[in-house]
Amino acid sequence: MPQYDSSSSPLGRLVAESLTGQISRREIMRRGMALGLSAPVIGMIISAQTRNAMAQEATPAGQEPGWSIVVPEGLRTDLNGARVRAVIAPAADPDRPWQEAAIRKFNEATGAAAEFVPGEQSATDRLATYNQQLGAQSPDNDVYQIDIIWPGIVAQHAVDLSPALSELATLHFPALVENNTVNGALVGMPWYTDAGLLYYRSDLLEEYGFENPPETWAELEEQAQAIQDGESADNSSFRGFVWQGNAYEGLTCDALEWQFSNGGGRIIEPDGTITVNNPQAIAAFERARGWVGTISPEDVTTFDEPLSLNAFAPGNAAFMRNWPYAYSVTQAPDSPLVGKVGVTQLPMGDGEGATHAATLGGWQLMVSKYSPNQEAAIEFVKYMCSPELEKSFTIERSHSPTIGSVYDDPEVVETQEFLARLKPVFEGGAVARPSTVTADLYNSASIAYHTRVNQVLTGQTDAAAAAAEIEAELQDIMSELGY
Amino acid sequence: MTQRVAAAPLPQPAKRGRSVDLPQTGWVKARERLAWLLVAPSVLVVALVALYPLFQSVRLSFTNARFGSARPVQYVGVDNYVRLFNDNTFISALGHTVTFTVVSVAIETVLGIVIALIINSNFTGRGVVRTSMLIPWAIPTVVSSQLWRFMYNQDNGVINDVLVNRLGVLSSPVAWIANATTSLPAIIAVDVWKTTPFMALLLLAGLQIIPGDVYEASTIDGANKWQQFWQITLPLLKPALLVALIFRTLDAFRVFDVVFVLKGAALDTITLAIYARQTMIDEQWLGRGSAASVVIFLCIALLVIVYSRLVRVEET
């Protein structure tokens, strides 16, 4: 099985050297052509280099990455150079220096030989690569970072972590541990988490006389419309509310929030019941359709996270639904929104069962069943997902930890005040996508859902018809799984 | 005035399979064996790289294989194909792909001929124009699609800015990509922008082969430019035109990057290649995705057969 290894193949060397900025663009093109790469691939390598260069400049100077890492007690010291190849971040990820520092300290403390293996940038591509390697039962990599919606897909290739790490699992948020448990086996240990949030312009809310951010969707519509009417006189591209409406996984997250906050169910409940063709979910979709072209631009049906952030960050939107990562972008020193952005729970709907909802994101660590060093790999997971390492990850890299006690830690509260306030979101209205119950057919279920919701948003079908079609397709999928 | 000249009898067409009739001596047979031996390595490589994966795709299309799964694989006959043609998304994808191919190739051909005729003539700066004309073709499709995505943006895009604010042609900005009615035309426009230079260059090469004295002779006979175009240029351009059309039709039929970058897998613009990839990689249905790929392959094979019949007709 061909293995992507940054040190051995000419292609790997080209990518590694370009990402660390050692070679010029001309050199990349020359070597790329010599290797027979196509123009789009060369273009992608060059753009990754630029992104990496920009990301490296963004890390605060002066502090060595990994300065806050405290090695937890009780680690094994007898690992004797056991190799642990961990695919835990994309090659050009800004977190990479911290990851590598953490790995170094692990090796010092335990005597193992863990190494960082770069992964693909996009989550979809990563899953494709994992499927390729795990499907071929490759022993090349030991630890894999998996998205919150993948446990059902990769469970067949994962080591059950509960015998060795059940005590550690009790420290993490129950919703996440439950999401990661497939047929009684703990497929992945939660590492860091994410949830959908409502960003708002605190300065504009004050200016237009709104004391508090909206609690319900109806209030949000009212506030967004008022602010948009006022601001668009000076700024013709100002919009009330931006979110992710493109036909991709992000829309599944947004739409799940709409329907769950309206009491419409989780799309598919953990016991296999399909909850999408009901009046509350249909009403939720219709409400979202009403935003397109009024408080949201018509373009919003092509937006993903970067595009919606692109509308909000320069100051052209009053409200945005996005993940926690966006906060630090809006508070960067050269941003026009410093001190003007508030974050709160997404609004709730109305009617029976209405609640605040936030779709869970986040990443977990799994150990491959085909790894020749399972004990060392499990020790590595125990290290990375410990309270000490999660605290350091939060302080240095602004990721939301999966362990409740970390949120209350005084150092975290002091340095990452914004994140510390998110604890109620993760403990309260967080809702996971139905990935565990749909196992390896989750992507089909998600595609059936988000393509039809996108059609509702663009006006090509009405919500009731779409909901019925989604239900029919999901029924097909669930019957394949034996429900 | 033209006169019919009695044509000498044409030599008999050579027997199929041989360019020259040679006596079957031992020496000739040995040469043939050697020829086969020398060609064998290339044939082997082509068989491995092209034929084997094709065979695998066809084989998988009759199974229920899943990507990345350890589940045992079973043969399900034509079940995948039946499913395909009952799937509305596949039918939409087929429709979009055919529309895209027909419209974009037609526009590119017409524009390509016009541009080729223009740059075939002598004017100052012709060299610069010919070189710079290739820029859209040279920029990687993924990159230029992102450029167009920004240009098409409803609120901040330059296209709406020019049409609404500067020229006043439209009353309010249009969401070119989001709106289901304008999305496919917008994508076709991007492809036309990118590929017309390619067509123009292929056709320019065809134009330059046409000898100038044919035009001189026709001018003496009193033909005007319009007649010259239809009765001299176009017929003599046919070989190059057919080659260009074959290239473009096959490429357009397999379109993926421009549509994927601008609209992802949205149902109003999904194409066959995007559908195949989504089924095979995202949904991990290796068997069903292979069936979709085989359908694409068969459609393209059909187009190739049709075109090569046309080319062969031209040669006789």
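## Where the chains meet

Two residues are in contact if their C-beta atoms, placed from the backbone, lie within 7 Å. The contact takes 28 residues from chain A and 28 residues from chain B. Helices H3 (39–58), H5 (123–135) and H22 (442–457) of chain A each supply at least two residues of the side of chain A that touches chain B; helices here are DSSP runs (H or I, at least four residues), numbered from the N terminus.

This is a predicted model, in which local features need pLDDT of at least 70, side-chain atom pairs count only at pLDDT 80 or more, and totals for chains, interfaces and linings use all residues. Residues are numbered from 1 along each chain as its sequence is written, while chains are lettered from A and ligands numbered from 1 in the order in which they are written.

## A covered helix

Helix H16 (residues 387–397) of chain A is mostly covered, with 8 of its 11 residues buried (20 or more other C-beta atoms within 10 Å of a residue's own, C-beta atoms being placed from the backbone). Among them are Leu389(A), Phe393(A) and Ile395(A), along with Glu390(A) and Lys391(A). Just after H16(A), Ser398(A) takes a positive phi of about 55°.

## Two helices side by side

In chain A, the axes of H7 (residues 162–169) and H15 (residues 374–384) come within 11 Å and cross at roughly 5°. The two helices are therefore roughly parallel to each other (angles under 35 degrees; axes are lines fitted to C-alpha atoms over the stretch in contact, and angles run from 0 to 180 degrees between N-to-C directions). Ala164(A), Leu165(A) and Leu168(A) of H7(A) make the contact with Ile378(A), Val381(A) and Lys382(A) of H15(A).

Technical notes: Buried ≥ 20, exposed ≤ 12 C-beta atoms within 10 Å, placed from the backbone. Parallel < 35°, antiparallel > 145°, perpendicular 65-115°, else oblique.
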